[in-house]
Amino acid sequence: MMLQRYRNAICIFGKYMQNNLPVMLGPINYPVPNDSSQQVRNIKKHYNQKFRKERGRKFIKIKLPTFDDNDDDENNSRIRTKLKEAGILPQRNWTEGPVLISCTPTIFESYVAPEGDGKFSPISTTGAKQKFEFIEKKSKSFVALRKIKTYEDNYSSDTFRENLLNVYKKAHEALCRKDQDEILQYVTESAYPLLMHNVENKTIVWKFLESLEPARIVHARVTSLVTKSNLFAQVTIRFHTQQLLCIYDRFGRVLLGSETVRKDVLDYIVFEKHISNVYGTWRVHGKIIPNWLKPKEISTSTYILPKEKEQPSSSDSAVESVAQVVPPETLDKQHTDVKP
C-alpha cells in the first residue's frame, strides 16, 4: 500500500514537470508501469482562471472568404452582396490601363532656320552672317549634346550623323511600302499620323540619290517629362540632298513629281529618343518648315487626251444628204402608188 502511494506521487510529479517544463523537455515520457491515471489539463496557469470569459471576448470571430470558387463572376457578385449586408460600399472595378510615354507631343524649342540657307555660300556676306548666328546659338546645343553623349555608347559625331541619315532613308522606304509596323520603328507616335495622312490609294516612288552637303547637327535639346529622371532628347539635323519623288493616284495618273527629274531638297528633320529608356532608339519626330521656304507644289491630276472624232468622207456625206432629203417613209408610199 505504501509502495502504491509512493508510485502515484512520482507519477503526478512527473506529469506536473511535463506540463510546465519548456518545449524541448515536454515530450519526455516517464516509464511508470500500470499507470491508468489521465493527464489533467486545467492545471494552474500564470493567469487567473476566473476571467476566462472576459479574455475570450477580446477576440472577434471573422468569417474569412473562400477562394476556391473558379467562377469569378459568381464570386464577385457574392462578395458584393456580403459587402452590402455589412454596410460597406463595394469597390469599383479598376478600368484604367497602364500609360507608356514613349515620345513627346511636340517639338520643344524649335530651330529657326536662317533665311536663304542652302543658297548663299559662306564666302558671301549673307553666308558669313548665318555662320556667326549659328555659333551664337550653339552654346545650349553643346550642353545638350554633352548630356546625350553620356547616354550613347561609343559616341562619335560621324557615326551619329550616319545613323540618323539611315533612319531618315528607312522611314521613307517603309512609307513607300506602307508597312505600318516598320514605320513605327523609325517614326514616333506623334509624327505617325502626319506621315500617313492622305497616303491611301496612292503609289509613292522615292529614291535617295546623293548628299550635296554632309549632314550637320544644328540644334539639340534635352528635357524631362513628368519626373526629372525621365529624359527625352531632340536633335535637329540639316540634310541637303538630291532625291527623286513621284506620286501616282489609284488610276496610275501622276499627281506630283517625276521618276526622272532630280530635285535638290533641303530638310530640317527633328529626331527624338527616350534616353532614359535602355531600349530607346532615335526616330523621326517632325520636320521644320521655314517661313521663307518656297510653297509646296500643288498636286495636279493628269488625264488621257480624248480621241479625235473621225471626219466622214465625201461619199458618206452625199448619202447622208440624200437620206435627209428623202425620208424612208415616203419611199414606201411612192412604191405602192405606182400603177402597173
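**Notes on the predicted model**

1. Glu182 is buried, at a relative accessible area of 18% (buried means under 20%, with a 1.4 Å probe and protein chains only). Setting aside neighbours within four places in sequence, Glu182 is in contact with Ala174 and Arg177 (contact means heavy atoms within 4.5 Å).

2. Some ground rules. This is a predicted model, where local features need pLDDT of at least 70 and side-chain atom pairs count only at pLDDT 80 or more, while totals for chains, interfaces and linings use all residues. Residues are numbered from 1 along each chain as its sequence is written, and side-chain values use heavy atoms, with hydrogens and water left out.

3. Now the sheet: it is open, with 4 strands in the order β1-β2-β3-β4 and antiparallel pairing (strands pair if DSSP finds at least two bridges between them). β1 (203-225) and β4 sit at the edges, each pairing on one side only. Strand to strand, the twist averages 35°.

4. β1 pairs with β2 (residues 227-248) over 18 bridges, in the antiparallel sense. Thr203 stands opposite Tyr248 in β2.

5. Helix α5 (residues 138-151) lies across β1 and β2, at about 95° to β1 (axes are lines fitted to C-alpha atoms, for helices over the stretch in contact; angles run from 0 to 180 degrees between N-to-C directions).

6. Thr300 is in the loop between β4 (283-288) and α9 (314-325). Thr300 and Val254 are 46 residues apart in sequence, yet 7.8 Å apart in space, C-alpha to C-alpha.

Terms used. Buried means under 20% relative accessible area, exposed over 50%, partly exposed in between (1.4 Å probe, protein chains only). Helices (H or I, at least four residues) and strands (E, at least two) are DSSP runs, numbered from the N terminus.
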